[in-house]
Amino acid sequence: GSTIGIIGGGQLGRMLAIAAAQLGYRSHIYAPEASGPAAEVCAVWTQGDYENADALRRFAEACDVVTYEFENLPVAALAQTEGVRAFHPSVEALRIAQDRALEKGFAGRHDIPTARWSAINTLDELRDAVAGIGTPAILKTRRFGYDGKGQVRLQSPDDVEAAWQAIGGQPAVLEGFVRFDVEYSVIVARGRDGESVAWDVVTNVHDDGILALSTVPAEGQVAAQAAEAVAHSRRLADALDYVGVLAVEWFAGAHGPIFNEMAPRVHNSGHWTIEGATTSQFENHIRAICGLPLGSTALTGRRVAMENLIGAQADRWPAILAERDAHLHLYGKSVRPGRKMGHVTRVTL
Ligand code: ATP
Ligand code: MG
Ligand code: MG
(Lines give C-alpha, C1' and ligand atoms only; values in the text may rest on other atoms or scores of the structure.)
(Ligands and ions follow the chains in the order given, each with its own letter.)
Protein backbone atom coordinates (compact mmCIF):
# COMPACT_ATOMS: atom_id res chain seq x y z
CA GLY A 1 0.00 0.00 0.00
CA SER A 2 0.96 3.66 -0.23
CA THR A 3 2.61 5.61 2.54
CA ILE A 4 1.06 8.69 4.07
CA GLY A 5 3.47 11.18 5.57
CA ILE A 6 2.16 13.00 8.64
CA ILE A 7 4.07 15.95 10.06
CA GLY A 8 3.49 15.96 13.83
CA GLY A 9 3.21 12.97 16.16
CA GLY A 10 0.57 13.89 18.74
CA GLN A 11 -2.87 12.42 19.31
CA LEU A 12 -4.21 13.87 16.06
CA GLY A 13 -1.44 12.04 14.19
CA ARG A 14 -2.27 8.90 16.15
CA MET A 15 -5.94 8.99 15.16
CA LEU A 16 -5.04 9.85 11.54
CA ALA A 17 -2.64 6.89 11.38
CA ILE A 18 -5.29 4.54 12.79
CA ALA A 19 -7.77 5.70 10.11
CA ALA A 20 -5.08 5.37 7.43
CA ALA A 21 -4.29 1.80 8.52
CA GLN A 22 -7.96 0.86 8.21
CA LEU A 23 -7.81 1.91 4.56
CA GLY A 24 -4.61 -0.08 3.96
CA TYR A 25 -2.12 2.80 4.13
CA ARG A 26 1.12 2.95 6.08
CA SER A 27 1.89 6.09 8.04
CA HIS A 28 5.28 7.74 8.33
CA ILE A 29 5.47 10.38 11.07
CA TYR A 30 7.91 13.31 11.11
CA ALA A 31 8.23 15.03 14.49
CA PRO A 32 10.88 16.76 16.59
CA GLU A 33 10.31 14.47 19.59
CA ALA A 34 11.88 11.01 19.89
CA SER A 35 8.41 9.54 20.36
CA GLY A 36 4.79 10.55 20.91
CA PRO A 37 1.16 9.41 20.87
CA ALA A 38 1.38 8.45 17.16
CA ALA A 39 4.51 6.30 17.61
CA GLU A 40 2.71 3.06 18.50
CA VAL A 41 0.48 3.15 15.45
CA CYS A 42 2.78 4.34 12.66
CA ALA A 43 5.07 2.25 10.45
CA VAL A 44 7.99 4.67 10.55
CA TRP A 45 8.90 7.56 12.84
CA THR A 46 11.50 10.09 11.74
CA GLN A 47 12.80 12.49 14.35
CA GLY A 48 13.66 15.87 12.86
CA ASP A 49 13.24 19.59 13.36
CA TYR A 50 10.36 21.32 11.64
CA GLU A 51 12.82 23.98 10.40
CA ASN A 52 15.05 21.41 8.69
CA ALA A 53 13.99 21.77 5.04
CA ASP A 54 16.44 19.09 3.81
CA ALA A 55 15.21 16.50 6.29
CA LEU A 56 11.59 17.39 5.48
CA ARG A 57 12.30 16.95 1.77
CA ARG A 58 13.87 13.51 2.34
CA PHE A 59 10.84 12.60 4.46
CA ALA A 60 8.47 13.67 1.67
CA GLU A 61 10.46 11.61 -0.85
CA ALA A 62 9.86 8.53 1.31
CA CYS A 63 6.07 9.08 1.21
CA ASP A 64 3.36 9.14 -1.47
CA VAL A 65 1.34 12.02 -0.02
CA VAL A 66 2.14 14.38 2.85
CA THR A 67 -0.15 16.04 5.40
CA TYR A 68 0.26 17.60 8.86
CA GLU A 69 -1.52 17.43 12.18
CA PHE A 70 0.11 20.50 13.75
CA GLU A 71 -0.27 24.01 12.42
CA ASN A 72 2.67 25.87 13.89
CA LEU A 73 5.05 24.77 11.16
CA PRO A 74 7.49 27.09 9.38
CA VAL A 75 6.00 27.64 5.94
CA ALA A 76 9.40 28.45 4.38
CA ALA A 77 10.70 24.93 5.09
CA LEU A 78 7.44 23.33 3.95
CA ALA A 79 7.33 25.24 0.68
CA GLN A 80 10.19 23.01 -0.58
CA THR A 81 8.46 19.84 0.59
CA GLU A 82 5.26 20.82 -1.21
CA GLY A 83 6.88 20.41 -4.63
CA VAL A 84 8.22 16.92 -3.86
CA ARG A 85 4.95 15.05 -3.31
CA ALA A 86 1.23 15.83 -3.13
CA PHE A 87 0.96 18.03 -0.03
CA HIS A 88 -2.45 18.66 1.56
CA PRO A 89 -3.76 20.99 2.85
CA SER A 90 -1.61 23.42 0.87
CA VAL A 91 1.17 25.48 2.42
CA GLU A 92 -0.80 28.59 1.42
CA ALA A 93 -3.85 27.42 3.41
CA LEU A 94 -1.56 26.74 6.37
CA ARG A 95 0.11 30.14 6.06
CA ILE A 96 -3.24 31.90 6.32
CA ALA A 97 -4.75 29.69 9.03
CA GLN A 98 -1.71 29.85 11.32
CA ASP A 99 -1.83 33.66 11.54
CA ARG A 100 -4.79 35.35 13.26
CA ALA A 101 -4.44 38.56 11.24
CA LEU A 102 -4.26 36.73 7.90
CA GLU A 103 -7.18 34.42 8.75
CA LYS A 104 -9.43 37.22 9.96
CA GLY A 105 -8.55 39.32 6.92
CA PHE A 106 -9.29 36.36 4.67
CA ALA A 107 -12.66 35.75 6.33
CA GLY A 108 -13.57 39.43 6.02
CA ARG A 109 -12.70 39.48 2.32
CA HIS A 110 -15.08 36.55 1.83
CA ASP A 111 -17.98 38.38 3.52
CA ILE A 112 -17.74 36.40 6.72
CA PRO A 113 -18.46 38.41 9.89
CA THR A 114 -15.70 38.62 12.53
CA ALA A 115 -15.27 40.61 15.74
CA ARG A 116 -13.84 44.09 15.13
CA TRP A 117 -10.10 43.56 15.05
CA SER A 118 -6.82 45.27 14.35
CA ALA A 119 -3.27 44.03 13.73
CA ILE A 120 -0.87 45.24 16.43
CA ASN A 121 2.92 45.58 16.21
CA THR A 122 3.70 48.18 18.88
CA LEU A 123 2.38 49.50 22.18
CA ASP A 124 1.29 52.70 20.44
CA GLU A 125 -0.69 50.71 17.87
CA LEU A 126 -2.33 48.86 20.75
CA ARG A 127 -3.29 52.18 22.40
CA ASP A 128 -4.83 53.41 19.13
CA ALA A 129 -6.66 50.13 18.55
CA VAL A 130 -8.12 50.16 22.07
CA ALA A 131 -9.31 53.71 21.49
CA GLY A 132 -11.03 52.60 18.28
CA ILE A 133 -12.39 49.18 19.27
CA GLY A 134 -13.10 49.92 22.94
CA THR A 135 -13.11 47.57 25.91
CA PRO A 136 -13.62 44.84 26.89
CA ALA A 137 -11.28 43.47 24.25
CA ILE A 138 -8.90 40.54 23.80
CA LEU A 139 -5.27 40.79 22.75
CA LYS A 140 -4.02 37.60 21.06
CA THR A 141 -0.61 36.76 19.63
CA ARG A 142 -0.88 36.40 15.85
CA ARG A 143 0.73 32.97 15.97
CA PHE A 144 1.29 29.98 18.27
CA GLY A 145 -1.77 30.44 20.53
CA TYR A 146 -3.81 27.40 21.59
CA ASP A 147 -6.08 26.43 24.48
CA GLY A 148 -6.45 30.15 25.27
CA LYS A 149 -2.68 30.58 25.73
CA GLY A 150 -1.06 33.69 24.28
CA GLN A 151 -4.09 35.87 24.89
CA VAL A 152 -5.12 38.40 27.51
CA ARG A 153 -8.31 40.35 28.19
CA LEU A 154 -8.42 44.11 28.58
CA GLN A 155 -11.21 45.40 30.79
CA SER A 156 -10.30 49.07 30.39
CA PRO A 157 -7.79 51.25 28.49
CA ASP A 158 -5.71 51.23 31.72
CA ASP A 159 -4.84 47.58 30.97
CA VAL A 160 -2.96 48.40 27.76
CA GLU A 161 0.60 48.26 29.09
CA ALA A 162 0.06 45.19 31.25
CA ALA A 163 -1.59 43.37 28.34
CA TRP A 164 1.28 44.21 25.98
CA GLN A 165 3.74 42.96 28.64
CA ALA A 166 1.70 39.81 29.22
CA ILE A 167 2.03 38.66 25.60
CA GLY A 168 5.70 39.63 25.50
CA GLY A 169 5.25 42.42 22.95
CA GLN A 170 4.79 39.98 20.05
CA PRO A 171 2.90 40.72 16.83
CA ALA A 172 -0.74 40.43 17.84
CA VAL A 173 -4.33 41.19 17.02
CA LEU A 174 -6.74 43.12 19.21
CA GLU A 175 -10.32 41.86 19.01
CA GLY A 176 -13.46 43.44 20.34
CA PHE A 177 -15.17 41.23 22.91
CA VAL A 178 -18.07 39.35 21.32
CA ARG A 179 -21.06 38.78 23.60
CA PHE A 180 -22.35 35.32 22.86
CA ASP A 181 -24.07 32.58 24.83
CA VAL A 182 -22.66 29.64 22.99
CA GLU A 183 -19.84 28.72 20.61
CA TYR A 184 -19.68 25.99 18.01
CA SER A 185 -17.55 24.59 15.23
CA VAL A 186 -18.04 23.38 11.69
CA ILE A 187 -15.86 20.53 10.44
CA VAL A 188 -15.65 20.35 6.66
CA ALA A 189 -13.85 17.80 4.50
CA ARG A 190 -13.03 18.83 0.93
CA GLY A 191 -11.69 16.46 -1.70
CA ARG A 192 -9.18 17.01 -4.49
CA ASP A 193 -12.14 17.30 -6.88
CA GLY A 194 -13.59 20.23 -4.91
CA GLU A 195 -16.52 18.26 -3.49
CA SER A 196 -17.03 18.95 0.21
CA VAL A 197 -19.00 17.44 3.07
CA ALA A 198 -19.71 18.80 6.55
CA TRP A 199 -20.62 17.01 9.76
CA ASP A 200 -23.34 18.17 12.11
CA VAL A 201 -22.49 21.52 13.66
CA VAL A 202 -20.77 20.90 17.02
CA THR A 203 -21.66 22.87 20.15
CA ASN A 204 -18.54 23.37 22.29
CA VAL A 205 -18.06 24.16 25.97
CA HIS A 206 -14.64 25.34 27.16
CA ASP A 207 -13.22 25.17 30.65
CA ASP A 208 -10.40 27.57 31.43
CA GLY A 209 -9.78 28.10 27.68
CA ILE A 210 -9.56 24.35 26.95
CA LEU A 211 -12.26 22.45 25.05
CA ALA A 212 -14.17 20.39 27.64
CA LEU A 213 -17.31 19.12 25.90
CA SER A 214 -18.57 18.83 22.31
CA THR A 215 -22.14 17.80 21.50
CA VAL A 216 -24.34 17.18 18.46
CA PRO A 217 -26.93 17.80 17.20
CA ALA A 218 -27.22 21.56 17.67
CA GLU A 219 -30.13 23.07 19.56
CA GLY A 220 -31.72 26.51 19.86
CA GLN A 221 -29.65 29.44 18.62
CA VAL A 222 -26.90 27.21 17.19
CA ALA A 223 -29.39 25.10 15.25
CA ALA A 224 -30.97 28.29 13.89
CA GLN A 225 -27.69 29.54 12.40
CA ALA A 226 -26.01 26.21 11.64
CA ALA A 227 -26.80 26.21 7.91
CA GLU A 228 -25.36 29.70 7.51
CA ALA A 229 -22.15 28.74 9.38
CA VAL A 230 -21.77 25.61 7.24
CA ALA A 231 -22.23 27.66 4.05
CA HIS A 232 -19.58 30.16 5.23
CA SER A 233 -17.20 27.33 6.17
CA ARG A 234 -17.55 25.64 2.79
CA ARG A 235 -16.98 28.98 1.07
CA LEU A 236 -13.78 29.39 3.07
CA ALA A 237 -12.65 25.89 2.08
CA ASP A 238 -13.41 26.63 -1.58
CA ALA A 239 -11.61 29.98 -1.46
CA LEU A 240 -8.52 28.27 -0.02
CA ASP A 241 -8.81 25.49 -2.64
CA TYR A 242 -8.57 23.34 0.44
CA VAL A 243 -7.94 19.58 0.44
CA GLY A 244 -8.55 17.69 3.69
CA VAL A 245 -10.40 18.48 6.91
CA LEU A 246 -10.83 22.13 7.90
CA ALA A 247 -12.27 23.12 11.29
CA VAL A 248 -13.90 26.53 11.71
CA GLU A 249 -14.82 27.95 15.14
CA TRP A 250 -17.84 30.22 15.47
CA PHE A 251 -19.58 32.34 18.09
CA ALA A 252 -23.37 32.38 18.02
CA GLY A 253 -23.92 36.10 17.50
CA ALA A 254 -27.32 37.70 17.97
CA HIS A 255 -27.61 38.13 14.19
CA GLY A 256 -25.83 35.01 13.00
CA PRO A 257 -22.46 33.27 13.04
CA ILE A 258 -19.32 35.25 13.92
CA PHE A 259 -16.04 33.71 12.75
CA ASN A 260 -13.47 33.15 15.50
CA GLU A 261 -10.66 31.08 13.97
CA MET A 262 -9.94 28.10 11.78
CA ALA A 263 -7.62 25.12 12.10
CA PRO A 264 -6.18 23.61 8.89
CA ARG A 265 -6.40 20.08 10.22
CA VAL A 266 -8.53 17.55 12.02
CA HIS A 267 -9.86 19.09 15.23
CA ASN A 268 -10.58 18.14 18.82
CA SER A 269 -14.24 19.15 18.40
CA GLY A 270 -14.49 16.47 15.67
CA HIS A 271 -13.32 13.51 17.77
CA TRP A 272 -16.94 12.47 18.33
CA THR A 273 -17.14 11.52 14.64
CA ILE A 274 -15.09 8.34 15.26
CA GLU A 275 -18.12 6.57 16.75
CA GLY A 276 -20.80 9.24 16.27
CA ALA A 277 -20.72 9.52 12.48
CA THR A 278 -20.70 7.02 9.61
CA THR A 279 -17.27 8.33 8.51
CA SER A 280 -14.91 9.99 10.98
CA GLN A 281 -13.05 13.25 10.38
CA PHE A 282 -9.82 11.22 10.36
CA GLU A 283 -11.00 8.81 7.68
CA ASN A 284 -12.38 11.59 5.49
CA HIS A 285 -9.12 13.51 5.85
CA ILE A 286 -7.20 10.45 4.62
CA ARG A 287 -9.73 9.90 1.83
CA ALA A 288 -9.50 13.57 0.78
CA ILE A 289 -5.70 13.78 0.63
CA CYS A 290 -5.53 10.44 -1.22
CA GLY A 291 -8.08 11.53 -3.81
CA LEU A 292 -10.70 8.98 -2.75
CA PRO A 293 -14.45 9.70 -2.58
CA LEU A 294 -15.56 11.16 0.76
CA GLY A 295 -17.74 9.16 3.14
CA SER A 296 -21.09 9.95 4.68
CA THR A 297 -21.12 12.32 7.65
CA ALA A 298 -24.50 11.09 8.96
CA LEU A 299 -24.91 10.65 12.71
CA THR A 300 -24.94 7.10 14.05
CA GLY A 301 -27.21 8.02 16.95
CA ARG A 302 -29.71 10.66 18.04
CA ARG A 303 -27.19 12.45 20.19
CA VAL A 304 -23.41 12.31 20.60
CA ALA A 305 -21.26 13.89 23.31
CA MET A 306 -17.45 13.99 23.48
CA GLU A 307 -15.84 14.79 26.81
CA ASN A 308 -12.13 15.64 26.94
CA LEU A 309 -10.13 13.95 29.69
CA ILE A 310 -7.81 16.70 30.89
CA GLY A 311 -5.06 16.18 33.47
CA ALA A 312 -5.08 13.34 36.00
CA GLN A 313 -8.29 11.37 35.39
CA ALA A 314 -7.05 7.76 35.51
CA ASP A 315 -9.24 7.05 38.54
CA ARG A 316 -12.28 7.54 36.30
CA TRP A 317 -11.33 5.03 33.59
CA PRO A 318 -12.93 1.95 35.21
CA ALA A 319 -16.27 3.73 35.64
CA ILE A 320 -16.17 5.02 32.06
CA LEU A 321 -15.32 1.57 30.72
CA ALA A 322 -18.28 0.18 32.65
CA GLU A 323 -20.68 2.57 30.90
CA ARG A 324 -22.69 0.88 28.21
CA ASP A 325 -22.48 3.59 25.53
CA ALA A 326 -19.09 5.12 26.32
CA HIS A 327 -16.04 4.86 24.05
CA LEU A 328 -12.81 5.59 25.89
CA HIS A 329 -9.79 6.88 23.95
CA LEU A 330 -6.42 7.27 25.67
CA TYR A 331 -3.45 8.90 23.98
CA GLY A 332 -0.67 7.24 26.01
CA LYS A 333 0.70 10.55 27.30
CA SER A 334 2.27 11.19 30.70
CA VAL A 335 0.05 13.24 32.99
CA ARG A 336 0.42 17.00 33.26
CA PRO A 337 -2.12 19.51 34.56
CA GLY A 338 -4.20 20.92 31.69
CA ARG A 339 -2.94 18.25 29.27
CA LYS A 340 -5.37 16.42 26.99
CA MET A 341 -4.89 12.78 28.05
CA GLY A 342 -7.78 11.26 26.15
CA HIS A 343 -11.48 11.63 25.49
CA VAL A 344 -14.70 9.72 25.91
CA THR A 345 -17.52 9.68 23.38
CA ARG A 346 -21.07 8.73 24.34
CA VAL A 347 -23.51 7.90 21.56
CA THR A 348 -27.21 7.89 22.46
CA LEU A 349 -29.08 5.63 20.04
P1 ATP B 1 -8.00 26.81 20.51
O2 ATP B 1 -7.51 25.88 21.58
O3 ATP B 1 -9.45 26.64 20.17
O4 ATP B 1 -7.11 26.86 19.30
P5 ATP B 1 -7.08 29.52 20.95
O6 ATP B 1 -6.04 29.58 22.00
O7 ATP B 1 -6.67 29.56 19.53
O8 ATP B 1 -7.99 28.25 21.21
P9 ATP B 1 -9.39 31.26 20.64
O10 ATP B 1 -10.23 30.19 20.07
O11 ATP B 1 -9.09 32.42 19.78
O12 ATP B 1 -8.02 30.73 21.27
O13 ATP B 1 -10.05 31.81 21.98
C14 ATP B 1 -10.28 30.94 23.09
C15 ATP B 1 -11.65 31.21 23.65
O16 ATP B 1 -11.72 32.54 24.15
C17 ATP B 1 -12.76 31.08 22.62
O18 ATP B 1 -13.17 29.76 22.43
C19 ATP B 1 -13.83 31.97 23.26
O20 ATP B 1 -14.49 31.30 24.32
C21 ATP B 1 -13.00 33.11 23.87
N22 ATP B 1 -12.85 34.22 22.93
C23 ATP B 1 -11.91 34.32 21.97
N24 ATP B 1 -12.05 35.46 21.25
C25 ATP B 1 -13.12 36.09 21.76
C26 ATP B 1 -13.78 37.33 21.47
N27 ATP B 1 -13.36 38.15 20.48
N28 ATP B 1 -14.87 37.67 22.20
C29 ATP B 1 -15.29 36.87 23.21
N30 ATP B 1 -14.70 35.71 23.54
C31 ATP B 1 -13.64 35.31 22.84
MG1 MG C 1 -6.75 28.27 17.97
MG1 MG D 1 -10.23 28.36 19.43
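Predicted model: local features only at pLDDT ≥ 70, side-chain atom pairs only at ≥ 80, totals over all residues.
**Domains**

Residues are numbered from 1 along each chain as its sequence is written, while chains are lettered from A and ligands numbered from 1 in the order in which they are written.

**The parallel sheet**

Next I looked up strands. Helices (H or I, at least four residues) and strands (E, at least two) are DSSP runs, numbered from the N terminus. Two strands pair if DSSP finds at least two bridges between them.

I found an open sheet of five strands with parallel pairing, in the order β3-β2-β1-β4-β5. β3 and β5 (86-87) each have a single partner strand and stand at the edges, so one side of each lacks a neighbour in the sheet.

I then went through the pairs. β1 (residues 3-7) and β2 run parallel and are joined by five bridges; Ile6 has Ile29 in β2 as its bridge partner. β2 also pairs with β3 (residues 44-47), in the parallel sense, over four bridges.

How covered is β2 (residues 26-31)? Mostly: five of its six residues are buried. My cut-offs, with C-beta atoms placed from the backbone: buried is 20 or more other C-beta atoms within 10 Å of a residue's own, exposed is 12 or fewer, and partly exposed is in between.

**Helix α1**

β1, α1 (residues 11-22) and β2 form a right-handed β-α-β unit. Right-handed here is for a crossover whose path, from the first strand over the helix to the second, runs clockwise with the strands pointing away from the viewer.

I checked the length of α1. Its twelve residues reach 17 Å from first C-alpha to last, close to the 16 Å expected at 1.5 Å a residue. The expected span is 1.5 Å times one less than the number of residues.

α1 is mostly covered, with ten of its twelve residues buried; Arg14 and Gln11 are among them. What does the covering? The cover includes β1, β2, α10 (281-289) and β18 (340-348). Just after α1, I noted Gly24 with a positive phi of about 90°.

**Cores**

I looked for nonpolar cores, meaning sets of buried Ala, Val, Leu, Ile, Met, Phe, Trp, Tyr and Cys residues joined through C-beta atoms within 7 Å. The largest has 72 residues, and Leu16, Val186 and Ile286 have the most contacts inside it. α1 gives the most to this core, with seven residues. At least three residues come from each of domain 1 (3-87) and domain 3 (183-348).

Leaving aside neighbours within four places in sequence, Ile286 contacts Ile4, Leu16, Ala19, Ala20, Leu23 and Tyr25. Apart from this core lies another, of 15 residues, including Trp117, Leu126, Ala129 and Leu139.

Most residues other than glycine have a negative phi, and most peptide bonds are trans. I listed the exceptions I came across.

- The His88 to Pro89 peptide bond is cis, with omega near -10°; Pro89 is in the loop between β5 and α4 (91-97).
- Thr135 and Pro136 are joined by a cis peptide bond, omega about 0°; Pro136 is in the loop between α6 (123-133) and β7 (137-141).
- Asp147, not a glycine, has a positive phi near 50°. It lies in the loop between β7 and β8 (151-154) and counts as partly exposed, with 15 C-beta neighbours inside 10 Å.
- Asp208 is not a glycine either, yet its phi is positive at about 60°. It sits in the loop between β12 (202-207) and β13 (210-216), and counts as exposed because it has 9 C-beta neighbours inside 10 Å.

Terms used
Contact = placed C-beta atoms within 7 Å. Domains from an automatic or database assignment.
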